[in-house]
Amino acid sequence: MKKNLTAPDGTPTTMIMAFMNMLYKVQDEILPDCIIAVFDAGKKTFRHELLSDYKADRKITPEDLRIQIPILQELLSLSGHKVIMREGIEADDLAASIAKLAKTQGHNAIILSSDKDLLQLLGNGVEMLRPNTHGISDAAFYNTENFQKEYGFMPSSMSDYLAILGDKVDNIEGIEGLGEKRAKKLLAEFPTLEDIFASLDKISSKQIKTKLEVSGSERPIWLRDNIIKLKDNIFDDDENFLEECLNFKPDIEKAQELAARLGLKRVLKRLGSDVEIEREFVNDERNFEIKIPECDIFTRDYKSELKNSPEKFQPEKSVWDLKTAYYLLHPDETGKNFEKFSETVTDENFMNTAGKLEDEILSYEGLHNVMTEIDLPLIPVLNQMEDHGVRIDFEKFSVVQNELQEKIFAIENEIFNETGATINVNSPQQVSWLLFERLKFEPEGMTKGKKSFSTDANVLEKLSKLPNGKIPALILEHRELSKMLTGFVIPLQKAAVKDGTIHTTFEPAFTGTGRLSSRDPNLQNIPAFGQWAEKIKSGLIPVNPENIFISADYSQIELRVLAYMSCEEKLIEAFQNNRDIHTETAAWVFDTSPEFVTPELRRAAKMINFGLLYGMSSFGLAERLNVSRNEAKEIMKKYFDALPGIEKFLEHTVNTAKANGYSRTLAGRIRRVNEIPAKGPALDRALINSPIQGTAADIARTAMINFSHEVKGKLFLQVHDSLVCECSKNDAEKISEILSEIMKSSGGALNLGVQVKIGSALSSV
């Protein structure tokens, strides 16, 4: 049964909470200077005078919804959002007039409404978000360009289009026999109804011409005066209207009092209150008992139970999973706390616990959809991937192992011959003694909590560039070769001893951001570049010797997410036009033309672009570019001056997450601030990265589900933004195309407003 929110006094609040959730999502993503809410005043308008039965057949607003409207208006006003309604004027006309005034005074207006009538307002400075049946999470974005792509005519012709089609709800009959296709074709050639009726002799189709002639001879009011066309002159004589809206002040104390009375916990948090209130969910009979989630099968750990008892689960059966629910609410806690939590859930209280978790999930916009549409459907896919696995070529791995061992031994001998000292090169303390005491290099810093100087990779890199830096360079090479040997070559062979096939375990409920992880062994951590990486990857082969590998990856997906979420026009435009984003960034930052960007400048821009995804500071940039902190600060200043939307987004993302108590991906996956294992600047970096990396993870998860539904049993590996499958050589081209298209469409499923680019390759892990 559908759950409805009520205040402690029984006042229904479902619509209010849904509206505020939608408002907060748009506010967080668009960052408007002000929000103006328009409402109908409930009185007849000029359209009723022209058409007596205008909207006469509309259903009466349900009582529990009707009583929420004035409460919502009060809450909006107290929260600092101007509420506008005028007797005799419809809300759509108010919106049209505000949009026109904003555009006239040099502002950009974004209309949030599902009403297609408002699409006629699109133009320079006016855009629109249209929520669909799934809510604001799947809202469609419209501007003049994509409107024209969908409809084939200019937005200004939308009222004429609707007049031709008619609207039964509003008692507007339209022109009989002219459907969407014909209406679009007519308006693409003749922009208005007047133009159409004045050009009947130019219409080649006799059938269409006849229908128009019949309608045109005695045109009804909606065709003659086109009452669907919105009035946009209501505020023409009020030049200070927008200024008043921009300066409209909230009454936070009264807003908090109202939110507390209504039991709106999330609204209270947004208003800066830490008052604890208890939320009640009730059914339609106002029964305050917790309702059980509606599904066929309840599990504690769906992934494990599906693997152990697949016969229990049928494709048509819906599943509710305790571990997935807990993970979605506590992503940073699940790995260490779920087992303890599960022990407290007995057979007797399982359903009660499920109901409580379900209610909490439903309180976050989009989170329930993440559970039912992404995380739960992914679990059978992961089990299939694990069962399939990847084979290992023992002969190739044996050759690589011998080569590595020989080179490691040779380096150890060379270090001894050069220094006269025998040390364990894998011991940081002994390496520190060799470099800073015996060879007298200047130390770069102390290792925290120990007496030896630091010998991390950054220190060794700097020392290796000195004239006498041969030994640090050899130590660096030794570490790299040792990592290849003991981190990959030996463990991968051990993992495949039983049948020659490696079966990793994918963990869908482990990381804070929603990224998948892999263990026993970790196939996501196989090195991607370099001669040893290639040799290791060449030793991983398809399970079927006749097959080949196909891989596809999202090109710079997290940067594309950043571009969309920050609304930074320069970044979006560069992606849409398929330009090299790092070269473009270097040109903006260093004030030069793209053709004059040097490799060094592009490298600096790349460092900034990717560093920002993880909240990199000027200190971090200085370390990466090997420049002074002042130089790094100047570079970052130029970056933010060139891309102000990025700086505003980074600051707003951190502040919003802290105000809400959680960060949020585009799909609705959350990450609680107080559970992130970081403090200070590290916490801020996590809050910046989580929505971006999490959104990319949601897109990849969706692609895996969609591909597995389309092509059964082929996928075996996911490495964050890459998917890898095996197939026969004959099917390779077809499967590669399917994989690429599904990955593109899965990015579009989250309304990612920038082009999603896919790179693909054959015979590659």
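Some ground rules before we look. This is a predicted model, in which local features need pLDDT of at least 70, side-chain atom pairs count only at pLDDT 80 or more, and totals for chains, interfaces and linings use all residues. Residues are numbered from 1 along each chain as its sequence is written, and side-chain values use heavy atoms, with hydrogens and water left out.

Let's begin with confidence. The pLDDT is the predictor's confidence in each residue, from 0 to 100. The protein chain averages 84, and 87% of the residues score at least 70. Where is confidence lowest, and where is it highest? The lowest mean, 36, belongs to strand β7 (residues 280–282), while helix α16 (residues 322–329) has the highest, at 97. Over residues 277–289 the pLDDT is below 50, although this stretch has 41 contacts in the model beyond near neighbours in sequence; contact here means heavy atoms within 4.5 Å. Where pLDDT is low, the predicted coordinates should not be read in detail.

A word on the names I'm using: helices (H or I, at least four residues) and strands (E, at least two) are DSSP runs, numbered from the N terminus.

The axes of α22 (residues 457–464) and α23 (residues 470–495) come within 8 Å and cross at roughly 140 degrees. Axes are lines fitted to C-alpha atoms, for helices over the stretch in contact, and angles run from 0 to 180 degrees between N-to-C directions. Angles under 35 degrees count as roughly parallel, over 145 as roughly antiparallel, 65 to 115 as roughly perpendicular and the rest as oblique. The pair α22 and α23 is therefore oblique. On the α22 side, Ala457, Leu460, Glu461, Leu463 and Ser464 take part, meeting Pro472, Ala473, Ile475, Leu476 and Arg479 of α23. Those residues divide into 7 nonpolar, 1 polar and 2 charged. For that count, Ala, Val, Leu, Ile, Met, Phe, Trp, Tyr, Cys and Pro are nonpolar, Asp, Glu, Lys and Arg are charged, and the others, Gly among them, are polar.

From α29 come Ser618, Phe619, Leu621, Ala622 and Leu625, and from α30 come Arg629, Ala632, Lys633, Ile635 and Met636.

Helix α29 also meets α28 (residues 599–612), with axes that come within 10 Å and cross at roughly 145 degrees. Here Arg603, Ala604, Met607 and Ile608 of α28 touch Leu621, Arg624 and Leu625 of α29. That contact has 5 nonpolar, no polar and 2 charged residues.

Next, a sheet. Three strands form an open, antiparallel sheet in the order β11-β10-β14; two strands pair if DSSP finds at least two bridges between them. Both β11 (501–502) and β14 (540–541) stand at the edges with a single partner strand, so one side of each has no neighbour in the sheet. Strand β10 (residues 390–392) is joined to β11 by 2 bridges, and Val390 has Ile502 as its bridge partner in β11.

Finally, two loops. A cis peptide bond joins Asp520 and Pro521, with omega about -5 degrees, and Pro521 lies in the loop between β13 (517–519) and α24 (531–538). Gln556 is not a glycine, yet has a positive phi of about 50 degrees; you'll find Gln556 in the loop between β15 (547–554) and α25 (557–566).
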